[in-house]
Amino acid sequence: MEDRISSVQTMGPVTASPAYSDAALRHFVTDTDARALLNAACAMRDLGHGNRMTYSRKVFIPLTRLCRDVCSYCTFAHPPRKGESAYLSADEVLAIARAGAAAGCTEALFTLGDKPELRYRIAREELAHLGHASTISYLAAMCRLVLDETGLLPHANPGVMSGEEILALRDVTISQGIMLESTSQRLCEPGGPHYGSPDKAPDVRLESIRLAGTLNVPFTSGILIGIGETRDERLDAMLALRDLHRQHGHLQEVIVQNFRAKPNTRMANAPDPDLDDLMWTIALARLVFGPEMNIQAPPNLSGDDFGRLIDAGINDWGGVSPVTPDHVNPEAAWPQIEVLRRETETRGKVLTARLAAYPPYVLDRARWQSIAVHTPLLRAMDASGLARADTWSPGVAGTAIPVVSKPGLTQRPSSEVAHAIARARGGKSLSEAAIVTLFEARGGDFDAVCTAADELRRETVGDVVRYVVNRNINYTNVCYFRCGFCAFSKGKTAETLRGAPYDLAHDEIARRVTEAWERGATEVCMQGGIHPRYTGETYIELCRTAKRAVPDIHIHAFSPLEITHGAQTLGISVPEFLRELKAAGLGTVPGTAAEVLDDEVRAILCPDKINAGEWLDIIGAAHDVGLRSTSTIMFGHVDTPLAWARHLLKLRGLQERTGGITEFVPLPFIHMEAPMYLKGRARKGPTWRETVLMHAVARLALHPLIPNIQLSWVKAGPDGARVLLRAGANDLGGTLMNESISRAAGTEHGQEMPPVEMDRLITSIGRQPVQRTTLYGMASDTQRDKSYRAAPLTAVVQTPVTHRHAPHTVAAE
């Protein structure tokens, strides 16, 4: 255990954002101008959080209501009761958790009394019967049970803890917490609310909070106001928390909670702090902790006026449960989530669901989360580290397209989004930060981005939606690369997965090309795995085979990875090899194998593949020798909006230099059969909101250099395609005839969309369908007529592999 603690402690701290000086903060305590304080707090909040207001959809699991402390205001804890178990059973815990999961919750909040076994014999006896020596041990087991059985992500509030206990819970929770409440020792003296409660000693609680910081545990704390403390003492408590956060960076949120008097307690007749006092304290907390801190106040403790708390500087409502009551304040029901949304929107904010840990502590999992919780975190999160807002995943048929923008108040876009949109519509390059802002759009900002993208699409390319009649020919699924996202390739370790390895005979390739032409195709798209037996001559001969079969067919073939492999095996430069391919009939190059052009992401996704710079160099070289290309992004796995912004800017920079890119094609990650997802190392593809924004933001960020934004109907499905065509996209890609790569990953949207179905989809939204060529010319009348009279495809032959390796290949070397 000591070794584990030592290994976690070696990770460096995060520096908290600077805020007001201590002297200035002391001035606010005595200053009577509350409005100035509130205004300053709101301005600071908006600087760090913009228009986002978060909450966590949770279930409340009161594991035990026994406690060794006797706080004067508490009705949650009580002595043992005859006929009542000291602890919830595993079945009772699971029943609560499963109800929460069914209601769309993501957090399991475990709240319990502090170390009851140190006071009550019945607690010790029940723990022994359950096979545990302590309440914390049983808590850890129940957190693991909930995590494994329901996928809910536990947050634990067990009171004062040692380092060993914090570390034990770190493996089964994504965050922990303890309310500091106050640093006033005076409140622990006879007559005070904390008298007789050893775990409420300020130094003891601060030590637990400090230990959590040394162990890199995302931690929640805060103060309780109205229990006899002074305003100076409130500030003292805040400064103590701030100082610990500056050392360790682990305080993910600070709660300002108002005392509420309850019957049958020693403080039953004590006055509740009024709303103005609560708002003043929230504002002070914002100024103490700065713009980036998450400041929270429970909405259920302020009655119908809870919306006013936004005007004090909070950016988070805390946990809100559609299933369980607030067991600590049972008299105060949580507002319905739609009521919470309405109150939030009334004040110009966007309600956004988060997880029990906040985004910085989710995205930097290597530092802040135990490896044991990485997989459930990835299952629950979106690209920004917030809660997935829908159950949609690319490639899954039969799932209704989510409504991203909920009906209700029409919100104006934020100034940052409005500025970015205006700049993009003017054809100017956006900064990395501006593109990230567009990708983070929600509420009115989301609507504004999509509307602007659609308007820009109409201004740029009109109401025509184009598509190409083509055939995909994936000539081999043998590949010696080990890309974590790929369910298509057949390497040495995947010979029994997803069908048998094949390497198409050239007669079969020629037959498919001929059949495609007869069915109205103008293009064949040829790509495959990096077969270790292939050389540059193999790729050249593939072009010749296609051209011998149909001289007029356009060959769109070979990713930058295949081009690199071919050039290396022939011992020639990439430009020289591209010229040879062009001479053999290659017409254009697909901009695949780009994945995400950010090497931090590629190091996880495809570490043995060409890097971002090499991809750009190869596509640029193709343009230089007269071969145009598409461009792509494969998103929704381990990437973030920052990586997407970098990708778009690199494509824009390349297009500014060469002008050789014909279109941009977002490819949502299909997770179902992807190895990295099956190993628990990737998200479930992008959310629907992220998918829509990828097309919309691309339209804005690439304008006017790349005019065509293409969607993948294989991944989005027909209903999704209609939405994307209203959010900046103008191209439906190819009819495909055969589709192997997405199908291997698990897509359920089919392999072919014939022209009649393409036309029907396009006209259903009032647009004009047009068949195009690869280079955006008009398809000939002859080929177009053939496409509407096409015979059914004949069965394909997947030629079995006879050889896997050759001594002259790069792999063999």
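Contact here means heavy atoms within 4.5 Å. The legends below describe close-up views of a predicted model.

View 1. Leaving aside neighbours within four places in sequence, Asp552 is in contact with Trp517 and Lys547. Asp552 is exposed, because its relative accessible area is 61% and the exposed class begins over 50%. Thr522 is 30 residues away from Asp552 in sequence. In space, the two C-alpha atoms are 7.9 Å apart.

**View 2. Phe558 is buried in a loop between strand S13 and helix H20.** Strand S13 covers 554-557. The relative accessible area of Phe558 is 0%. Buried means under 20%, so Phe558 qualifies. Phe558 has a positive phi of about 75 degrees, although it is not a glycine. Most residues other than glycine have a negative phi. Beyond its neighbours within four places in sequence, Phe558 contacts Tyr475, Met526, Gln527, Tyr539, Leu542 and Cys543, among others. Its contacts also include Ile563, Leu581, Leu586, Val589 and Pro590.

**View 3. The largest nonpolar core holds 120 residues.** Val449, Met526 and Phe558 touch the most other members of this core. Helix H26 gives the most to the core, with 9 residues. A second, separate core has 90 residues. Among its members are Leu25, Val288, Phe289 and Ala297. In soluble globular proteins, nonpolar side chains tend to be buried together.

**View 4. Helix H20 crosses helix H23 at roughly 80 degrees.** H20 spans residues 560-570, and H23 spans residues 612-624. Their axes come within 10 Å. The angle therefore makes H20 roughly perpendicular to H23. H20 brings Pro560, Ile563 and Thr564 to the contact. H23 brings Trp615, Ile618 and Ile619. By class, this contact has 5 nonpolar residues, 1 polar residue and no charged residues.

**View 5. Helices H26 and H27 meet in a right-handed crossing.** H26 covers residues 688-701, and H27 covers residues 713-725. The axes come within 9 Å. They cross at roughly 45 degrees, so the two helices are oblique to each other. On the H26 side, the contact is made by Trp688, Thr691, Val692 and His695. On the H27 side, Gly720, Val723 and Leu724 take part. The contact has 4 nonpolar, 3 polar and no charged residues.

**View 6. The loop between H26 and H27 contains Leu702 and Pro704.** Leu702 is buried, with a relative accessible area of 0%. Pro575 lies 127 residues from Leu702 along the chain. The C-alpha atoms of Leu702 and Pro575 are separated by 26 Å. The peptide bond from His703 to Pro704 is cis, with omega near 0 degrees. Most peptide bonds are trans.

**View 7. Leu736 is a buried loop residue with a positive phi.** Its loop lies between strand S17 (731-734) and helix H28 (741-745). Phi of Leu736 is near 80 degrees, a positive value in a residue other than glycine. At 11% relative accessibility, Leu736 counts as buried.

**View 8. His49 lies in helix H3.** The helix covers residues 34-49. His49 has a relative accessible area of 18%. That value is under the 20% limit, so His49 counts as buried. Not counting residues up to four places away in sequence, His49 touches Arg286, Pro291, Glu292, Met293, Asn294 and Asn315. Glu125 is 76 residues from His49 in sequence. The distance between them in space is 48 Å, C-alpha to C-alpha.

Notes:
Residues numbered from 1 in each chain as written. Predicted model: local features only at pLDDT ≥ 70, side-chain atom pairs only at ≥ 80, totals over all residues. Heavy atoms only, no water. Axes fitted to C-alpha atoms, helices over the stretch in contact; angles between N-to-C directions. Helix = DSSP H or I, 4+ residues; strand = E, 2+ residues; numbered from the N terminus. Parallel < 35°, antiparallel > 145°, perpendicular 65-115°, else oblique. Left-handed = near helix turned anticlockwise from the far one by under 90°. Nonpolar A, V, L, I, M, F, W, Y, C, P; charged D, E, K, R; others polar. Core = buried A, V, L, I, M, F, W, Y, C linked by side-chain atoms within 4.5 Å. Buried < 20%, exposed > 50% of the residue type's maximum accessible area, 1.4 Å probe, protein only.
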